[in-house]
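Q: I would like to go through this structure with you, one topic at a time. Shall we begin once it is on screen?

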Amino acid sequence: MRPEILNPLFAEPDSLDGVGPKLRKPLEKLRLTRLRDIAYHLPQRFVMRRAVVALDDAAEGEQIVIALTPVEHRAGASARAPYRVLAQDGAGDICALTWFGKASYTARKQLPVGEKRWVAGRLDRYGDMRQMVHPDHIAAESSALAGNLCEPVYPLAEGLTQPRMAGIVAQVLGRLPDLAEWIEPSMLAKQGWPAWRDALIRAHRAEDKAARDRLAYDEIFANALALMLVRQANRRRRGQPLQGDGSLRNRLQLPYSLTAAQARSIAEIAGDMAQDAPMLRLLQGDVGAGKTVVALESMLIAVEAGAQAALLAPTEILARQHFDTIRKLAAPTGVEVALLTGRDKGRARESILMGLMDGSIDIVIGTHAIFQDAVQYRNLGLVVIDEQHRFGVGQRLLLTQKGRVTPHTLAMTATPIPRTLVLAQHGEMDVSRLDEMPPGRQPIDTRVISAARMEDVVAGLARHLATGQQAYWVCPMVRDNETDDIAAAEARFAALQHRFGDAVVLVHGQLPPERKDAAMERFSSGAAKLLVATTVIEVGVDVPNATLMVIEQAERFGLAQLHQLRGRVGRGSEKSTCLLLRGDELSETGRARLALMRESQDGFYLAEQDLELRGGGELLGTRQSGEEAFSIATLEQVTRLIDAANDDARLLMEHDGGLASERGQAARVLLYLLERDWGVSLLRGG
Ligand code: ADP
Ligand code: MG
């Protein structure tokens, strides 16, 4: 149960003055659905203004506050033309205040001729006239602006303006409760950090390192603490030692021999599974490193020991593909493998549920449907989670509650993040690394091409398809908006279908599952030659005959994501090509990213470079990967503060594992505030 003191912070924005249905949408777009979200909607930056007496004192391009007296209103010749108000300073110098479109209504009302007004905005030039386009503020009193020389700039959505947003934030800040301190007092003193409430207020008011650091630390600390609670609960729970006798694994007839890294990882997993304590291990391996077979061998260990295993995939497509691969590989062992997704209904579903309950099914592969309440296992011994960055820790937790005893957990990820960040994102997991690729991989010929050469690209694609090989076409990412992404994908699909006819299939996130599967099926069977897709193909899909990948607007994708996408080709014996199409407007980092893609194919190297490119400003746990581990702390802050936060959390757990002391109670409030309360539910007596 959420502590009562937080309830006001979880109220909806409607409860604020002047926030009605009109603002609902823009606020939702920014994911500001509760007051706490607004409190944590921190400014991107601040505009610093200087109060000047005369226009002559200000430089062009400078943000200023100045007293001006309107002398003349000049409506444009047409409705489209700008509306100008000429205004003069004390020395008689003139500045044009300019509006485009409807905004001029403001000007008419707020700038009566002959009456002095305080105006804030950016001083520019238009021809040989000074001008200020769309001044940010106009006030009759100097006091309204003088206190406002440092002004926050918030991320906005359509329908919101900076002053509006600032007003909403101010209301929320006015309602912040005083919360008891959860940070260790000596830490607080040493760092010179303000209390929580002050920190929030200060972080909205100006560039303030101490305040921002404190808020970031709260998040990192909460995360560390929640993960430790999970770990503690996990330790207390009974696991079951599973020792395989090799009888099933010996019957596998793999078409290759395992790499040393695969063999080592399997040995590490087997070692963990033989223990009483439930395994909590992360398998890190670049795309194509061969994680699937490691999963299979681990699952066979469980089955050899008389238990069942479940493999959880993030999407239907992937679940299906894993099912096909694993069923084929496992055929000689005679184990029973089933597929269960949200789509299975009626008889088929009933029979799988029966099989899981009576133990006739040994291995089940599926989406999160395999962990719904209705699904009971006879003896679930191992849970494998593929591409685990798509799942939150809280979700993972649900899974491990499923068995009579806590099952062993193996999480697999292709995100090659360094150890500290593994800790921050996944908690104290043990890590196995596939740091070696299966032999015989050919480098992928990666080229960056201007999108203006679309015709050449399509002609090249035609030649490629004529050889009988297949190709992927990844559609542009239209700025965080799935609907636009899909529109773009459909348009591209139509164009390519026009050219290549039936050989083209389309897959995107909003297609009904049957159509998605049908398309994937046609592509992986080779009936379709070209797969047009949004990034749903990002993880897992394995079609060795697909040897060309075209990525549109490649500069919009993150480095890690480009690397993942490219990993879909280069899986067979033929040489593969990746064409990165770029737009005209290329930022510095966009350019650097594409250059790196051309240079390297090493996921760990690319990940390191990515961190460097993104610098400290960027959030960790990018939106692309689906899970935002941190939404307040930046990467730089996580790296700098994580050790202290871990120590602090560990110390608190040692002294007060039940979070019952005064500080423990405060920490509980924090966990709820930052929505890491999944940890709290594990405490005995909640
Ligand atoms: P990922 O780690 O991306 O999940 P997969 O498990 O899909 O990688 O494996 C990628 C490809 O490499 C598959 O086609 C698989 O059959 C092949 N593969 C896996 N292990 C080996 C190996 N030891 N030698 C040769 N090929 C391998
Ligand atoms: Mg995989």
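Q: How does the span of α5 compare with what 1.5 Å a residue should give?
A: The two agree, because the 13 residues of α5 should span 18 Å and the end C-alpha atoms of α5 are 18 Å apart. The expected span is 1.5 Å times one less than the number of residues in the helix. Helices here are DSSP runs of H or I with at least four residues, strands are runs of E with at least two, and both are numbered from the N terminus.

Q: Is this an experimental or a predicted model, and how is the numbering done?
A: The model is predicted: local features need pLDDT of at least 70, side-chain atom pairs count only at pLDDT 80 or more, and totals for chains, interfaces and linings use all residues. Residues are numbered from 1 along each chain as its sequence is written, chains are lettered from A and ligands numbered from 1 in the order in which they are written, and side-chain values use heavy atoms, with hydrogens and water left out.

Q: Back to α5: which of its residues are buried?
A: Met165, Ile168, Val169, Val172 and Leu173 are the buried residues of α5. They cover an arc of only 140° around the axis, which places them on the same side of α5. The arc is taken from the directions that run from the helix axis to the C-beta atoms. Buried means under 20% relative accessible area, exposed over 50%, and partly exposed in between, with a 1.4 Å probe and protein chains only.

Q: What do those buried residues pack against?
A: The buried residues of α5 pack against α1, α2 and α7. A contact means heavy atoms within 4.5 Å.

Q: What does Leu673 touch?
A: Leaving out residues up to four places away in sequence, Leu673 touches Leu6, Leu9, Phe10, Arg36, Tyr40, Leu179, Trp182 and Trp196.

Q: Changing topic: in what order do the strands of the six-strand sheet lie?
A: This open sheet has the order β18-β23-β22-β19-β21-β20, with parallel pairing. Strands count as paired if DSSP finds at least two bridges between them. β18 and β20 stand at the edges with a single partner strand each, so one side of each is left without a neighbour in the sheet. Neighbouring strands are turned by 20° against each other on average, direction ignored.

Q: How many bridges join β19 to β22?
A: Five bridges join these parallel strands, and Ala471 has Leu548 as its bridge partner in β22.

Q: Which strands does helix α18 touch?
A: Helix α18 packs on the sheet and touches β18, β19, β22 and β23, and its direction makes about 150° with that of β22. Axes are lines fitted to C-alpha atoms, for helices over the stretch in contact, and angles run from 0 to 180 degrees between N-to-C directions. Seven of the eight residues of α18 are buried, including Gln561, His563 and Arg566.

Q: In the hairpin of β7 and β8, which residue takes a positive phi?
A: Gly127 does, with a phi near 60°, and the hairpin has two residues between the strands. β7 and β8 pair in the antiparallel sense over three bridges, whereas β5 and β8 pair in the parallel sense over four bridges.
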